[in-house]
Every structure is written in C-alpha cells, then in structure tokens.
Amino acid sequence: MPASPAYQRIYAVVRRIPRGRVATYGQVARLARLPGRARQVGYAMHALPSGTRVPWHRVVNAEGRVSRRRVPGAELTQRMLLEREGVGFGPGGKIPLTRYGWKATLRRGVANG
DNA sequence: GCAATGACGCTCT
DNA sequence: CAGAGCGCCATTG
C-alpha cells in the first residue's frame, strides 16, 4: 500500500536535501506544504522501510540534534551517516545549522531569499 | 468513533 | 544558552 499523499510529498522534499546538509522536521514540513505538521514528518520517517533511497538521516530536529527514537542505538547510525557526508557535530551532539543547515529553495515560482 | 502515542516546534522563564 | 510547558494532529489499537 502506497504511502499517503502527504507522505509522498514529505519524502519528495527529503530527497531534495543535498548531501552534506541537514534539514529540520519543521523545515521539511513547510517545504512539503504542511506547515505545523513537523510531527507527521517524523512519523513519515518512522514509516520508511529499510533500504529506502530517502535520505532520512539528513532530517534532524530544530535543535540540530538527532531525535531520540524508540530503538536506542539507531540514532548512532544517523549520526554516522551524517558524519560520512561531512556534517560536523558540535559539543553536545548538536549540528550547527547555521553552517550545515539546508538553505531550502522552494520551486514553483515561490520567491526565495 | 474514542483514547493513547509520538524520529517536533515555539514560547516563556 | 538551557530547561519546562503547551500546542499540533495523523497514526495506531
């Protein structure tokens, strides 16, 4: 069963995250035209199958940290994948979003900075 | 349909 | 900068 349309948009946005950068759940939600549904973004990530091509590991929370998950240790995997792409972690395991944050660019004629 | 859960974010202190 | 509280609402049982 295909994922919900909303999920498809979320995945589409996540796929646009460039390598070596990260986006926040809220950011992805807004880019997916689902403002305020940051939680659902996380839920969509949780619903991803193993072996997916969606770079879910490039999605972190607003604090620039890897969110705690139900399964301990899995967060280390995400961190590993990010470091492998060149994303650096600061003290406290926080990623400086000012440096590695994805500067989102909306398509479809939406003006961007 | 109802109640509980959750890979979150913003505001206030 | 760090911690606590409230709001958000789709998904799940």
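By class, the surface near DNA strand B brings together eight polar, five nonpolar and three charged residues. Do keep in mind that this is a predicted model.

DNA strand B is surrounded by 16 residues. The closest of them are Arg 39, His 46, Trp 56, Ala 62 and Ser 67. Turning to the DNA side, sugar or phosphate accounts for 43% of the atoms of DNA strand B within 4 Å of the protein, and bases make up the rest.

Which helix gives the largest share of the surface near DNA strand B? That is α3, with six residues. Both α2 (25-31) and α3 (38-46) supply at least two residues of this surface.

| Residue | Backbone N or O atom to a phosphate oxygen of DNA strand B |
|---|---|
| Tyr 25 | 3.4 Å |
| Gly 26 | 3.1 Å |
| Ala 62 | 2.6 Å |

Ala 62, with its 2.6 Å backbone distance to a phosphate oxygen, is also listed among the closest residues to DNA strand B.

One more spot deserves a visit, in the loop between α2 and α3, where Arg 33 is found. Arg 33 has a positive phi of about 65 degrees, although Arg 33 is not a glycine. Most residues other than glycine have a negative phi.

Key. Residues are numbered from 1 along each chain as its sequence is written. Chains are lettered from A and ligands numbered from 1 in the order in which they are written. This is a predicted model: local features need pLDDT of at least 70, side-chain atom pairs count only at pLDDT 80 or more; totals for chains, interfaces and linings use all residues. Side-chain values use heavy atoms; hydrogens and water are left out. A residue is near a molecule or strand if one of its heavy atoms lies within 4 Å of it. A polar contact is a pair of N or O atoms within 3.5 Å; within protein, one must be able to donate a hydrogen and the other to accept it, and residues adjacent in sequence count only if both atoms are side-chain atoms. Helices (H or I, at least four residues) and strands (E, at least two) are DSSP runs, numbered from the N terminus. Ala, Val, Leu, Ile, Met, Phe, Trp, Tyr, Cys and Pro count as nonpolar, Asp, Glu, Lys and Arg as charged, and the others, Gly among them, as polar.
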